Amino acid sequence: MMKVTRRLLACLFAAGMTTSATSAAAESIVLASTTSLQDSGLLANILPAFTAATGIEVRVVAQGTGQALATAARGDADLVLVHDPEAEDKFIAEGHGGERRQIARNDFVIVGPVSDPAKIGGGHDAVAAFGLIAKAGAPFVARGDKSGTDALEKRLWRKVGRQPSLASGDGWYKDIGGGMGAALNAAAGIGAYTLSDRGTWLSFANKAELKALVEGDPGLLNRYDVILLDPKKHPIAKHDAARRLSDWLVSTAGQAAIGAYTKQGQQLFNPSAAAPK
Amino acid sequence: MTDFWTTVGSGEFVRIVALSLGVSLSATGLAVLLGLPLGASLAVLRFAGRRPLIIVINALLGLPPVVVGLVLYLLLSRSGPLGELGLLFTPGGMVAAQTILATPIVAALVHRAMNGLWTDYGGALLVDGATRLRAIPTLLAMGRLPILTAALAGFGRTISEVGAILVVGGNIAGYTRTMTTAIALETSKGNLGLALSLGLVLIGISVAVSATAFALASGDRR
């Protein structure tokens, strides 16, 4: 018995040691960001160049925008990279955020089944499309996770004039409370409509019968902002290293890396630091 | 399938497997260190509060991982009471979360096994003049295989768990990404085939760990 115990403990110990020795970069920062930038593969693609240039390792925690801002507000991140202008304004107004810079933009698309029961295909008016979906009672998958996409979706419903919910009898409105990928998987599974950022949509590998149906509405603009933390409110955050990342993202090198990221020949994000909208 | 082989062949993947095993085995080791004496004491010793403690430990078998993750997140957050430790979004924090999940399992199963042995041999051991406390090592030696099963049950809980380590670890690429959080991520990218293949690798690893543990135990008996 003792021999077994000793052998098992030795194995455990060895395993524990290997784990703690795996990561040993000089400096690291925590970037709270959105699921769209992770699921689309952008951050994994461009950050190694930053680390190579500066020696700073970036630990990306990908959450919805609402959660990412909350994480930073609690002091658990060194900077944020998110996409919900209204939530960002609030974050800055509450004194958490310092300098905000736009790094890239693309747009949102309304995707849905090729059969298109609500007949929204080919349209360029998101509010009108949402109205048609509600009128037809066609299945719609909602994020419901306080992400940037969730916030835009709720703003669009407000413009339609009603916020659908299961409680008010809208059985077609499925609030899944999950990330963009989970919402697209759900929509693909049941042939539903959903609102997606273009980056996640283009890189999503399980499209099944889904198709982008409505795009090109100026109201579907999607902008990504990097926000530094306020040093007075968050004295422990690694401000210098965070600033170097923020500087790099808007630099010529960073902007070129963002613009060069493609999936199946399509550019996913437009670098926009020079001409923010 | 090309996706699968590119992924499995990469250094990133090796790191993910090493981290999964490292975190889960460390947590299982700690759970055994805590749960073994606890479970044995509950079977052999008689003290005030023993029954309520048994009930609590058995109730904790159903501890929801995501709740453990959330509570630990609030404790380890820089603005939380244990923020100074800097354990949030680190493998150390993940080990803490999984230790909390696995300890009740080990303790409850050890208690169950020791209880049976104590009923059968307790009288004889006490007649031989041993105190209850001194009888514990003898009893543990007799219950070697059930104890191993308890440890493996704890390991099974930790290696398969995703709710707690996703919240506490943050699924950071190259740092806190494990097999289960990688599978969740690939699923959300729509790479369902790749996610499923990784799931099969994970099951294979579990089988290998279990087989190794049993081989060690039966080799020792000869």
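At roughly what angle do the axes of helix H6 and helix H7 of chain A cross? The axes of H6 (residues 126–136) and H7 (residues 148–160) of chain A cross at roughly 75 degrees and come within 9 Å, which makes H6(A) roughly perpendicular to H7(A), a label that covers 65 to 115 degrees. This is a predicted model, in which local features need pLDDT of at least 70 and side-chain atom pairs count only at pLDDT 80 or more, while totals for chains, interfaces and linings use all residues. Residues are numbered from 1 along each chain as its sequence is written, with chains lettered from A and ligands numbered from 1 in the order in which they are written.

**Helix contact in chain A**
- From H6(A), A:Ala126, A:Val127, A:Phe130, A:Gly131 and A:Ala134 meet A:Leu156, A:Trp157, A:Lys159 and A:Val160 of H7(A), where contact requires C-beta atoms, placed from the backbone, within 7 Å.
- By class, this contact of H6(A) with H7(A) has seven nonpolar, one polar and one charged residues.

**Strands in chain A**
- Strand S2 (residues 56–63) is mostly covered, as eight of its eight residues are buried, that is, with 20 or more other C-beta atoms within 10 Å of their own.
- A:Ile56, A:Val58, A:Val60 and A:Ala62 point one way from S2(A), whereas A:Glu57, A:Arg59, A:Val61 and A:Gln63 point the other way.
- Strand S1 (residues 27–34) pairs with S2(A) in the parallel sense over eight bridges, pairing being counted from at least two DSSP bridges, and A:Ser28 stands opposite A:Glu57.

**Chain B**
- Chain B holds 10 helices and zero strands, and its C-alpha trace spans about 65 × 50 × 25 Å along its principal axes.
- Of its 222 residues, 46% count as buried.

Note on methods: A residue is buried if 20 or more other C-beta atoms lie within 10 Å of its own, exposed if 12 or fewer, and partly exposed in between; C-beta atoms are placed from the backbone. Helices (H or I, at least four residues) and strands (E, at least two) are DSSP runs, numbered from the N terminus. Axes are lines fitted to C-alpha atoms, for helices over the stretch in contact, and angles run from 0 to 180 degrees between N-to-C directions. Angles under 35 degrees count as roughly parallel, over 145 as roughly antiparallel, 65 to 115 as roughly perpendicular and the rest as oblique. Two residues are in contact if their C-beta atoms, placed from the backbone, lie within 7 Å. Ala, Val, Leu, Ile, Met, Phe, Trp, Tyr, Cys and Pro count as nonpolar, Asp, Glu, Lys and Arg as charged, and the others, Gly among them, as polar.
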